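I opened this notebook page to record what I looked up in the structure, beginning with the overall fold and then turning to the annotated positions.

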Amino acid sequence: MTRIDDTFARLRAQGKKAFVSYIMGGDPDEATSLAIMQGLPAAGVDVIELGMPFTDPMADGPTIQAAGQRALEGGMTMDKVLAMVRAFRKGDQTTPIVLMGYYNPIYSRGVDRFLKDAAEAGIDGLIVVDLPPEEDDELCIPAQKAGLNFIRLATPTTDDKRLPKVLQNTSGFVYYVSITGITGAAAAQASDVGPEVARIKRSTDLPVIVGFGISTPEQAKAIASVADGCVVGSAIVKDIGAGVPVAEVLARVKALSDGAHSA
């Protein structure tokens, strides 16, 4: 059982939906990013997705691309992202942290070294959006042997023929991408998402969490009501990029988490 498994078991016992938030590591700078990260659990965040900045984030829209650029220009590195996690773990040993990003920085570091460092820092899971199931031997299987959940994306174009392949080595939860396209590009619709979540859940006992296209408490509630929870990223990152003070960013997160938890 990982922290992710424990968290979803607890939420299920409480009859609650999960609220997952995404921030980019090192955006707009290390100190501010860490302060926001440290405040997320008190703002109602059940699972933290922490972005690894990368120069070519092909699944991300302009908002998260800009966040990654700000972080890189500020000198953010993989070592510094892991240092953020270690600093967070000094005050919080229970909130799950999922690293989200692309394979290139992991490959450059070396898979064995990365997994050892990530586990020691206190990472619980990985979302690596550009590694398909056909490449599971590359990172997914080694990650699970190292005690990390490997969380896979399913999308509106993941048909019934493809779905078993996507699910075969997935653990922790399934991340359902609610729209076709990039992050922050369109609004998710519960009427579209609900049947897709039900379809996925017929093939897995894992929680299904929905992300992309959720930016208001009302949307968070609507989407969480037809899934096991929801993810918000771009709406939070947009505030960070606009220089909104940390306390106000966290107040926005609290409103979003209240929406999801009321579903």
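Among contacts in the chain between residues at least 6 apart in sequence, what percentage join residues at least 24 apart? I found 74% for these contacts in the model, which is a predicted one.

Overall fold. I next looked up the secondary structure and noted 12 helices and nine strands in the chain. For the dimensions, I read a C-alpha trace spanning about 45 × 40 × 35 Å along its principal axes. I then compared the radius of gyration with the rule for a compact globule: 263 residues would give a value near 18 Å, and the chain has 17 Å, so the two agree.

Surface and charge. I noted that 55% of the 263 residues count as buried, while the chain exposes about 10700 Å², of which carbon and sulfur atoms supply 51%. I also looked up the charges, and the mean positions of the 25 positive and 32 negative ones are 4 Å apart.

Annotated positions. In UniProt, I found the feature "active site" placed at E49 and D60, in an unreviewed entry. I located E49 in strand β2, which covers residues 47-51, and D60 in the loop between β2 and α3 (62-73). Is each buried or exposed? E49 has 1% relative accessibility and therefore counts as buried, since the cut-off is under 20%; D60, with a relative accessible area of 10%, is buried by that cut-off too. Leaving aside neighbours within four places in sequence, I listed the contacts of E49, among them V20, S21, Y22, I23, F173, Y175 and V231.

Note on methods: Residues are numbered from 1 along each chain as its sequence is written. This is a predicted model: local features need pLDDT of at least 70, side-chain atom pairs count only at pLDDT 80 or more; totals for chains, interfaces and linings use all residues. Side-chain values use heavy atoms; hydrogens and water are left out. Helices (H or I, at least four residues) and strands (E, at least two) are DSSP runs, numbered from the N terminus. The radius of gyration is taken over C-alpha atoms; the globule rule is 2.2 Å times the number of residues to the power 0.38. Buried means under 20% relative accessible area, exposed over 50%, partly exposed in between (1.4 Å probe, protein chains only). Contact means heavy atoms within 4.5 Å. Accessible areas come from the Shrake-Rupley method with a 1.4 Å probe; for residues, only the protein chains shown count as cover. Lys and Arg count as positive and Asp and Glu as negative; His and the chain ends are not counted. The place of a charge is taken as NZ of Lys, CZ of Arg, CG of Asp or CD of Glu. UniProt positions are given in the numbering used here, feature names are shortened, and annotations may be inferred rather than shown by experiment.
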